[in-house]
Every structure is written in C-alpha cells, then in structure tokens.
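Let's take a walk through this chain together. Have the structure open and turn it as you read.

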Amino acid sequence: MARKYSDSSDDERSRYRRHERRSERWRVVDNDKDGGRIGEQEDRDREERRGRDVRERKSSRVSSDEEGELVERERGEPDRERNSDRRDRVKEYNHSSDEDNDQRERRDRHERERNRRHENGHRRREAEDRSRDRHWKSERERDRIDDDRRRRHKNRDESDDDGENGRRKEKNESGEDGDRGKVVEDSKPRKTTSGEGNLNTEASNLGRSGGVYIPPFKLARMMKEVQDKSSVEYQRLTWDALRKSINGLVNKVNATNIKNIIPELFSENLIRGRGLFCRSCMKSQMASPGFTDVFAALVSVVNTKFPEVGDLLLRRIVLQLKRAYKRNDKPQLLAAVKFIAHLVNQQVAHEIIALELLAVLLENPTNDSVEVAVGFVTECGSILQDMSPKGLDGAFERFRGILHEGEIDKRVQFLIEGLFAIRKAKFQGYPAVRPELDLVEQEDQLTHEISLQEDIDPEITLDIFKPDPNFLENEKRYEELRKNILGEESADEEGSDAASGDEDDDDDEEEEEEDDDDDDEQQMQIKDETETNLVNLRRTIYLTIMSSVDFEEAGHKLLKIKLEPGQEMELCIMLLECCSQERTYLRYYGLLGQRFCMINKVHQENFEKCFVQQYSMIHRLETNKLRNVAKFFAHLLGTDALPWHVIAYIRLTEEDTTSSSRIFIKILFQELSEHLGIRTLNERLTDPAMQDTFESIFPRDNPKNTRFSINFFTSIGLGGITENLREYLKNMPRLIMQQQKPVSESESDDESGSSGSSDSGSGSSEPESELESDSSSSDEDERLQKRSRSDRDERSRKRSRKDRDERNRKRSRRD
C-alpha cells in the first residue's frame, strides 16, 4: 500500500510540474508575441523557480528511494531485484526528462531572439518607408507651393492691370497666407455669387489655368454680348476658345486626317497660342506614345512656318527629359526620348542631341538606361545611319562593351542582341518617316540645335493668359499671315472679280457660270495615279496564263477579259514577261502569241513594238531570259505571225551591236533555220521584194561591215545564207572601178572640149595614143585587182584561223 501511494503521489507531482512548465512556456511565448520585453527581475524569478523545482525533484527521489528499500526488505530478494530495475529506469527517465527540459529552454530562447530580430527589422523598414513617404510628400508639397506661387503672381498681375483695389487687397492677403503655409486654400476655385447675367465677373475668372467650364453656346453668347473687342474680358474669352480648339485638333489628329487637320490648325492663332500648342502636344504624346510619329509630323509642318513654335517645343521636351532622368521616372523618360527620336527623324532636332542623349544613357549603364537607349536607337537609328554613321558606330561599340561586361540582366542583353539584328537588316521595318507622314521637303525644314548641357528656359508664362494692349492689330496681322499660308487671297480676288462682272452684265454672268461648271467638271475628273486598276489587270492576266492547261484554253479565257482602249499592250507585255521568267522556253507561249497575232492586227502591231523595245533593252536581260525572248520571236517570225520587216530594226555591224545583241541575233536565226530549214530561210532572205529590209543584216555600204556580217553568220553555222554577200564582196573592186570610169571619162571630155581642135593631124594621132594608153591601163588595173583579191583572201584566211584558235582556246578553258 505504501508503494502504491508513493507511485501515485509521484505521478501527480510530475503532472503538476509539467503543467506548470507548459503554462509558463506559453505565457512567455504569448508575452513575446505581444511585443513585451522581459526584464531582469523576471529572469531572476524564473531562475529561482527552476532551482526550487530541482530541489523538490531531488527530495522526491530520496523519499521514493527510502520507501522502496523498506518494501524490498519486506518482500525479499526477488522484489528487491525488480525494484532495483525499476529504480534504474526511473533514474534514466528523470535524467532524460532533464535533458529534454534543457533542450526546450534553449529552443525557446532561440525563438524569442528570432522574434525580436524580426520585429526590429520590421520596425526599421516601417521607419524607412515613413521617411521615404515624408520625403516624397515634401517634394510634392514643394512643387505645389511653387505652382501656387506662380498662380498668385499671375493673379497679382491681373489685378494690377484691372486696377481694382479690393481684389488687390484680397490677393495680398492670400499671398500672406501662402507665406504662412496656407497655400492649399488659394488653389481652390472661388464661388461666384452673381448669376448668369453678370457676364463680366464670369469672364474675369477665366484666366486662371483655364477657369471654370463654360458650355460652347454660353461662351458664344458671352462673346457676342461683349461690345469692346479689345477689352480684357473679350481677350479671356478668345483665349479660352483658342485653348479648346487647339486641344481638340491635336487630340483627334492621326495619320489619315493629318492633311485635313493642318489647315484647321493654321486657321488658329498659333503665335498667340504657341505655349498652348506645345503643352497639348506633350500631353497627348504622353497619353498615347503610339502616335508619337504623327505628333512629330504635325510639329514639323508647323515648324516650317513658325520656327519659334518648334524651338519652344524642343526646349520643353529636353527639360522634361532632364527632370524624368533625375527623378528616375521611367514612363515619362521613355515618352520624352521617343518624342525626341521622331523629331530627329523629321529633322526638327539636330542629330547632335541624339548622340548626346546616347552618351548620357550609356555612360553609367543600368538596366533601365540601357533599355531606354535601345528603344531610342531603334526609333531613330535609320536616319542616324545616314546622317552620322560614325556616331552610330560609336554607340554600337558601347552596346557591345556593355554586352561583354555582362553586368546587366538577361532580358536587357536580349534587347541589345535584337538591336544588333535590326542594324544588320539595315533597320528594315523601322523607317525614319512613314510615307504618309513625309509632308515636308528637306529644303523647307528648319533644324534646331539644342544641347543637353544648356540652361533651358521653358517659357511657362506663355501657357497663361495675359492681356494684350495691341490685341486687334495682332489678330489682323495673323489673319493676313494665315491667308498667305493657306492661299486664300487668290480665291478672294476671284470672288471680287466675279462680283464686279455680275454688276456689269448679266450675259457675262451666265457665261462665267457655264465656265465655272465646266471647270468644276474638269476638276472632278479623278485620275488614278496609283495604277491600281493596271496592277489588278496584270494580276488577272498572269493568273489566267499560269492556270490554263493549254494555249487554246488560255487564249479563250484571255479574250473574255474586258480590256479598255489602250490596254491591249499590257496583254502582250505580260505574255512576254511570263515567257522570259521560265527556266526553259515553252512552245506554249509561242503558240499563244501566234493565236493573238492571227486574231487581231492590233496584237500584231503590239508584238512588233515589243520586239523593238526588247531589242533596245536586250543588254539588261540575263542569258536565260534573252534566250527565251529570242525563241519566242523566232516562233512568231517562222509562222508568219509577225511581219519580217521587223528585222530592219537590227543593224549587224561591229559598232552597232553588243555581246547581248549578238547572242540574241544568233539564237533568233538558229531557231529560224531549225524551224524553216536553211534553204527556205535563204529563199526568204534573198527575196527581191525584201532586200531593203535585210540591208541592215547584210550591209553593203562598207567592206568592213560586209566582212563582219559574213564572219558572224559563218561562225554561228549559217554561212550558207551569205553566198550572195560573198559574191558581192568579190565583185566589189570591179564595181568600184566601173563607178570610177564614168567619172574619169567625164573629166577627160571636159578637158578635150576646153582645148579645142587646133590641128587635124595632131587630132588624128591623139585617138590612137589614147587607145593604146587605155589598153595598157586596163591591163594594169586587172593586175592590181588580182593582187588585191589575193591579199584580201590571205587576210580573211588569217582572220578565220585566229578566230578558230580563239574558239578552241575558250573551249579548252571551259573544259
């Protein structure tokens, strides 16, 4: 019984101690999670409790051991051994429980330290975020204070011009409140107590950054009710209308309607509203960067007439770029860089600013700066390659160095590699200016040079309304300037002349109206200079020719095509083009051309024109195309589809032919000989009725040209068609002598008639001497002719030998 009691008491004590330790541990953890710090006194208390537990555990062990010995003595030896085993197990269990408690305490200590470090780091980050937010708020507050100061300064100037003492006092009070830090109250719009009838008070509130919104009908009514057109109220109303008009035109411009927007924009007073125009362009470009090239084209047109507008816009964009670069504002920086790139493309800005910008971005490369530089070069690299190739090469060398350093992200490295690929393709797909936006001639454009190192004045006061003492005079001057720009003076003069004519005579009025109607009809005739219909016709002819099975089907389909007068030539040209594009000559095209020549004489005349045109441009064709064209025309000549007098356009001399034309003639006559046979071809060429046509091929005006023709046809294997020409060359000296004899006889007759008959004896002896001299001279002439013939034959043999040797050498080289 004593053993049972002791065991139960030990179990209860151990459970109670475990429960206290767990509750104490969770209490400590909860305190640590709540963020409280444990002081030194709590550590001392915990150590005292720990020592008390150890002492109690030792006393409990001693009491349990004593009770165990008494029981063992009573029960004897077996129970003693069993108790000793059990005691050893209890000791081991107590020892292991102590080690577990130490491990738990160490683990708890580590968790508490980790929680403290986490909380300290979280508090530190919160403090940094608070300081950063405070810094940003201070910058925004500073900017807002600057804006409010400018607004107050502007309102103070307006109050001085108006001369109202009460308003001046209110503005002075608001200025004092701004010095005390109450700037926010001045930025709020003032409530107008007057109704719609008091128009002057409403108009006086319009100059403050746009004023309150006024509907268009109400604004028009207010402008009508103002009597004095030079008053400040009327100037404010016109200023507000100018601002709305410029914003509307800039917001709706695109690549298709830019030509219609430009005259409307010039009708507004851009000299007075140049600040509004620049601000509107910058805001619209920032909102939609995809239309940057459209805004740049609009600015380039305005810059040709008003260079100060382009200069002001460029200065403001450069200033915006500087601010964005300093503030690390990437979206604003990308927009400004893209606008500058397209202004460089339109040559409104000089390329020096582009190179300076690249130098700044790549001097200390980061991921963002390199990405911006890659986008900039992509936009304006095409024009930099033409205007400043050395500068662009230097920029690409810097890109290559950054790529080799490898300090930037993989994504940016891929962007640089893509830029090098675009440069290798010569910026295809990234033109400097699109064709529909190329609105200004290069000679008319004015280029502004601005450096990034300069101090820039943005002239912000141009965005704010200021009364103009010479308002009406400036408006009239701009109206005259607008008429000169848009060319409206001539229209006004014509209208005045027509009005004077109407007053003079009613008949003249009717005639002028008829003339005007005729002019309108003539002006309404639309000319398609894009040749869209012609391109569609050629496409139809090409598809019909290529999709047909045989020439009969193709001819049947092509005859169904409705051709307008003058378009028959396109059919012949497309047929010849399709034939020349084939790898080898197809008889299909020759049969098709023959069919058209037989059907209509118009096509025959057109093919004749094509023959002349192709022979004149034969040096531009490749050998394959040249062969196909020659075989095509040889088929037409061989079938008598084309008249043979077209050969008269060919002049076969050494001076009038080229290597290409000689190849063309060679293939033409070889095909004719294969198609007709050498005998039929010779009969055609020796036809007396066609001798005038073939004089250009078989020239007889000069022995040199004759020999060249004979040698040419002999070299191509057609020497049989030159028999008549050879006989003519042999008989040429005799013909020359026969032509010279009548000339000499006429000269001798003239001499005999001039001398007269002095003596009859002498006269009878002279004829005998003349006969003898004639016989001797004829013998000498025959000898000379024989010598000349032998010399010529030897020369021709030598030349033929040389030609053979050269041909053999060429063949050996080819082999």
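Start in the loop between α17 (410-424) and α18 (471-486), which is where Glu 441 sits. A word on the bookkeeping: this is a predicted model, with local features needing pLDDT of at least 70 and side-chain atom pairs counted only at pLDDT 80 or more, while totals for chains, interfaces and linings use all residues. Residues are numbered from 1 along each chain as its sequence is written, and side-chain values use heavy atoms, with hydrogens and water left out.

Back to Glu 441: it is exposed, at a relative accessible area of 53% (buried means under 20%, exposed over 50%, partly exposed in between, with a 1.4 Å probe and protein chains only). Together with Asp 438, Glu 443 and Asp 444, Glu 441 makes up a patch of negative charge on the surface. Patches take residues with over 30% relative accessible area and no salt bridge, joining like charges within 9 Å and nonpolar side chains (Val, Leu, Ile, Met, Phe, Trp, Tyr) within 5 Å. Lys and Arg count as positive, Asp and Glu as negative, and His and the chain ends are not counted; each charge is placed at NZ of Lys, CZ of Arg, CG of Asp or CD of Glu.

Lys 426 is exposed at 64% relative accessibility, whereas Glu 459 is partly exposed at 27%.

Now zoom out. The chain has 31 helices and 0 strands, where helices (H or I, at least four residues) and strands (E, at least two) are DSSP runs numbered from the N terminus. Of its 815 residues, 33% are buried. Among contacts (heavy atoms within 4.5 Å) between residues at least 6 apart in sequence, 73% join residues at least 24 apart.

Thr 706 is buried at 0% relative accessible area, and beyond four places in sequence it touches Pro 699, Arg 700, Leu 725, Leu 729 and Met 732. Tyr 234, in helix α8 (residues 232-251), is buried as well, at 14%. Setting aside neighbours within four places, Tyr 234 contacts Met 223, Val 226, Asp 228, Lys 229 and Phe 471. Its C-alpha is 6.5 Å from that of Met 223, 11 residues away along the chain.

Lys 244 pairs with Asp 240, their closest N and O atoms 3.4 Å apart. Why can these two meet? They are 4 residues apart in helix α8, so about one helical turn separates them. Asp 240 is buried at 1%, while Lys 244 is partly exposed at 31%.

Elsewhere, Lys 557 bridges to Glu 553 at 2.9 Å between the closest N and O atoms. They lie 4 residues apart in helix α22 (residues 551-560), so here too the separation is about one helical turn. Shared partners link Lys 330, Asp 368, Glu 371 and Arg 411 into one salt-bridge network. By this rule, the count comes to 20 salt bridges.

Methods:
Accessible areas come from the Shrake-Rupley method with a 1.4 Å probe; for residues, only the protein chains shown count as cover. A salt bridge is a side-chain nitrogen of Lys or Arg within 4 Å of a carboxyl oxygen of Asp or Glu.
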